[in-house]
Structure formats: structure tokens, C-alpha cells
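Subject: The structure you asked for, with notes

Hi there,

Have a look at the model first, then read on.

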Amino acid sequence: MPYVADTIAKLKKSSPAELEFYQAVEEVLVSLRPLLDKNPKYRQHSIIERIVEPERQISFRVSWIDDKGHVQVNKGYRVQFNSAIGPYKGGIRFHPTVYSGIIKFLGFEQIFKNALTGLAIGGGKGGSDFDPKGKSDNEIMRFCQSFMTELYRHIGATIDVPAGDIGVGGREIGYMYGQYKRITGSYEGVLTGKKLNWGGSLARTEATGYGAVYFAQNMLEGRGDTLEGKTCVVSGAGNVAIYTIQKLHQLGAKAVTCSDSRGMIYHEKGIDLALLKQLKEVEGASLEKYLETHKDAKYTPVSEYPAGRNAVWSVPCQAAFPSATQNELNVEDAKALLKNGCVCISEGANMPSTPEAVEAFLKAKICYGPGKAANAGGVATSQLEMAQNGSMQQWTFEEVDAKLKVIMKNIYIRASEAAAEFGEPTNLVLGANIAGFRKVADAMIDQGVV
């Protein structure tokens with residue numbers, strides 16, 4: 001389709017060397033072809049040309065002083081991608097791999113993810129190439145304060161409400177919120193992922209992992225199947241992975257793997273969740289330490305992974321939950337999963353499967369939940385935190401979890417209905433992209449050329 005190809009070609013010229021961004025855009029636009037063919041109004045209003053360009057891109061210098069008194073300099077970003085259906089909403093990521101292409105890919109995905117929730121939130125993303133690993137609390141505080149000294153002028157409770165992401169948890173949110181309050185004098189719900197005693201929401205920490213499992217549950221139930229009794233593999237060892245594992249165990253499934261940047265654990269009896277939380281949430285230790293408690297587990301360092309592969313995906317399973325980072329699951333990994341009997345993939349991370357891997361899953365017609373649908377539980381619960389802040393309330397864990405279950409079920413329904421409408425009932429990539437795009441695009445048309 002020349003229209004889509006021309007748009008992508010122009011984007012590569014206007015936004016050079018942003019590979020992850022191109023990948024995200026191409027994945028969405030190519031799947032939209034049947035919708036664009038059926039509804040010429042989107043071309044008439046130049047919607048895809050407009051939707052791939054952020055409404056606003058902000059980049060800035062972040063200067064801060066380390067514990068030795070040396071001045072350090074990082075780069076900060078906030079990309080406010082689309083506000084057609086609500087204020088910009090999306091996380092802040094602190095990681096050395098962050099650059100404009102990563103932030104734009106994440107922000108673009110966020111548009112459709114947020115639309116799928118049915119909540120009034122637009123798409124945005126931010127971050128920095130700052131690495132919090134190995135930094136003291138005081139160094140992280142000074143960095144966060146400097147970061148917010150620039151960011152504060154671009155955000156607000158009805159403008160842009162950032163959250164956490166990789167490298168940004170309750171500690172970092174607290175330091176940024178304190179600086180925002182100091183500068184503006186306002187106590188408002190301008191950040192989500194706050195701690196409970198000053199405006200946070202119960203179940204927010206668990207939400208992305210729980211949501212990915214609820215989405216898998218809905219996919220399987222749609223085919224007359226269940227998670228109960230299934231062996232599952234999970235990548236990652238952060239919030240998403242930990243609470244994916246927790247919810248799997250609660251629902252009668254067995255998660256047997258987890259991983260970090262140094263290696264992976266395979267524990268055939270099932271991952272010891274209490275130990276995993278101790279190692280990662282309390283000690284910040286390597287997963288290799290897991291073996292001190294469980295001699296029957298196996299630790300595989302990254303250096304011993306199959307060439308060009310992630311060893312997690314070689315473990316036999318019926319369901320897989322990529323929960324670490326983008327492009328962590330390639331086509332060879334996908335072939336290994338399918339060969340070993342995997343019938344369900346639910347993505348807890350953003351764009352963790354390469355395009356070739358996604359194609360393999362769709363061709364096999366297994367249950368495949370793309371990240372923009374399967375991991376939307378985090379941002380959905382962030383919006384529930386915004387609602388609680390706006391009404392000066394705090395809901396119980398059970399209330400938030402019940403709302404999350406309904407939201408994830410509705411995301412599945414929206415994606416599956418759109419997929420069926422366009423003749424591919426098992427293709428939730430198509431369904432999620434069309435359902436999310438259509439909501440945002442129609443709002444853009446309603447609001448005129450802005």
C-alpha cells in the first residue's frame with residue numbers, strides 16, 4: 001500500500017536513526033491497511049501522517065552533582081505524542097540505552113495502549129540515559145530533582161501525568177514529586193506510582209504483571225481453555241515479572257523461570273516468589289544467589305545462552321510471558337516456544353517480540369497478546385490512581401483489582417471484536433491496533449486540524 005509505505009519513508013527522513021520507533025510505526029500502520037481501505041476518511045484527514053508525529057518533543061540537559069562532588073551530565077526527554085482523548089500519560093524510563101528513538105517508540109505504542117483501556121488518557125513517554133544502578137540515594141535524589149526542574153513546566157494534572165518505567169520506581173517518583181511540589185507549590189496528581197501514604201494507589205505495583213495474566217486468562221477462555229495447571233515461562237525479575245509470577249501461582253499455573261541482565265533461573269518445581277522478592281526488591285542481588293537456597297534450580301549465565309537467543313524461551317511450557325524489555329524474543333526463540341508446546345504468549349514488556357517472531361505466532365494461530373493490549377494494566381491502574389487523587393479518595397486493593405480485571409477483559413473484547421470484524425479472529429495484533437487507532441483517529445477528526 002503506497003500510502004503506508006510513503007508515510008514510513010517520510011518518517012525515516014524526518015526522524016533519522018530511530019530504529020525502534022520505525023519498528024513500532026511499521027507494525028501498527030501495516031496492520032491498519034484493511035481499515036484504511038474500508039474508511040477513506042482517515043486518508044482524507046491525513047490521520048496517519050499526523051499520528052506518527054508527536055504533538056511535542058522536549059529534550060533537555062540534566063546536570064547533577066555526584067557524591068564525589070563531580071558534575072555529571074545526562075540527557076532528558078519527554079515526548080507528548082497525542083492528546084486527542086485525554087492528557088498525555090506514560091512512564092519515565094531511566095536506563096543507559098535511552099535515546100530519542102526508544103522514547104518515541106514507547107510513546108507511540110502508548111497512544112493505542114491507552115485508547116484500548118477505554119479511559120480518558122492520551123499517549124506520552126519520557127526518560128533519560130541516567131543509570132540508577134550503583135548510585136546512592138542522594139545521587140538519585142539530586143538527579144531526579146534536576147530532571148524535574150526542567151520537566152515541571154511541561155506537565156500537570158490535566159496536561160501530562162508521567163508514571164514510572166524501567167529504573168523509575170516509588171523512590172524516584174517521590175524525589176521528582178517533591179521537587180515538583182517545591183517549585184509549583186501545588187499538591188496535585190501530577191505523577192502516578194506514588195507511595196501509598198501520599199496519594200498512591202493500592203495494586204499499582206502489581207498491575208502490569210496481574211494485567212498480563214488476566215489478559216492471557218481471557219485469551220485462553222475465549223478458546224475454551226484455562227491457565228490452571230499450565231507450566232509458564234517468564235522473563236525479567238522486576239515488578240512486571242514478579243507480579244506476573246505471583247498471579248500465575250494464585251490462578252493455579254506454575255511459573256518456572258525468571259531472568260535478569262546477567263542470567264536466568266529455571267526451577268522445575270516453580271519459582272520461589274518470596275525468595276525472588278527478597279533478592280530483587282530488598283537486596284538487589286544477582287539471581288545466581290537463588291541457588292544458595294534451592295540447589296535443585298539451574299542458573300544459566302548470559303554467556304552460556306544459545307548464540308543469538310534468550311535461553312528462557314528454550315524451556316518447555318504451555319504459556320510464556322515476555323516481561324523484560326523490547327526485542328528480547330526473536331524468531332528462533334519463537335520457533336523453540338512453538339516446538340515445545342507453547343499455546344499462549346502474553347507480553348508484559350513493550351514490544352518484546354521481534355516482527356519475525358510475531359509473524360510466527362500469528363501464523364501458528366496460538367493465543368498471542370501484544371504488549372499494547374496485554375500490558376495495559378499498568379497504565380490503566382495509573383489512571384485509577386489519577387481518579388482517586390481527583391476525588392481525594394483511596395480505594396481498597398480489592399476494588400482496584402476488580403476494576404483492573406474488568407478493564408483487561410474489555411481490552412480483550414475490543415481487540416477480538418475488531419479482529420473478527422476484519423476477518424482474522426485469532427489476530428489480536430490486528431484487532432488491538434485497529435481498535436486503538438480508530439478511537440484516537442475519530443477523536444482527531446472531531447477536533448479538527450490541530
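Helices α9 and α10 are oblique to each other, the word being used for angles that are not under 35 degrees (roughly parallel), over 145 (roughly antiparallel) or 65 to 115 (roughly perpendicular). The angle between α9 (residues 204-221) and α10 (residues 239-250) is about 50°, and their axes lie 7 Å apart. Axes here are lines fitted to C-alpha atoms, for helices over the stretch in contact, and angles run from 0 to 180 degrees between N-to-C directions. Helices (H or I, at least four residues) and strands (E, at least two) are DSSP runs, numbered from the N terminus.

Before going further, please keep in mind that this is a predicted model, in which local features need pLDDT of at least 70 and side-chain atom pairs count only at pLDDT 80 or more, while totals for chains, interfaces and linings use all residues. Residues are numbered from 1 along each chain as its sequence is written, and side-chain values use heavy atoms, with hydrogens and water left out.

On the α9 side, T205, E206, T208, G209, Y210, V213 and Y214 take part, and they meet N239, V240, Y243, T244, Q246, K247, L248 and Q250 of α10. Contact means heavy atoms within 4.5 Å. By class, this contact of α9 with α10 holds six nonpolar, seven polar and two charged residues. Ala, Val, Leu, Ile, Met, Phe, Trp, Tyr, Cys and Pro count as nonpolar, Asp, Glu, Lys and Arg as charged, and the others, Gly among them, as polar.

G377, A380, T381, L384 and Q388 of α15 make the contact with V400, K403, L404, I407 and M408 of α16. Those residues divide into six nonpolar, three polar and one charged.

Now to the sheets. Five strands form an open sheet in the order β7-β6-β11-β12-β13, with parallel pairing; two strands pair if DSSP finds at least two bridges between them. At the edges stand β7 (254-255) and β13 (367-369), each with a single partner strand, so one side of each has no neighbour in the sheet. Within this sheet, β11 (residues 319-321) and β12 (residues 344-346) pair over two bridges, and A319 has C344 as its bridge partner in β12. Helix α9 comes back here: α9 packs on the sheet and touches β11, β12 and β13, its direction making about 145° with that of β12.

Further along, β6 and β7 also pair in the parallel sense over two bridges, with K254 in β7 as the bridge partner of T231. In a regular strand the side chains alternate between the two faces of the sheet. In β6 (residues 231-234), T231 and V233 point one way and C232 and V234 the other, and all are buried. Buried means under 20% relative accessible area, exposed over 50%, and partly exposed in between (1.4 Å probe, protein chains only).

There is also an open sheet of three strands, β8-β9-β10, with antiparallel pairing. Its edges are β8 (257-259) and β10 (298-301), each with a single partner strand, so one side of each is left without a neighbour in the sheet. The twist averages 15° from one strand to the next. Strands β8 and β9 (residues 263-266) pair over three bridges, and in β9 the bridge partner of C258 is I265.

Finally, two backbone details. Most residues other than glycine have a negative phi. Phi of N327 is a positive value near 55°; N327 lies in the loop between β11 and α12 (331-339) and is partly exposed, with a relative accessible area of 31%. M351 has a positive phi near 50°; M351 lies in the loop between β12 and α13 (355-364) and is buried, at 8%.

Best wishes
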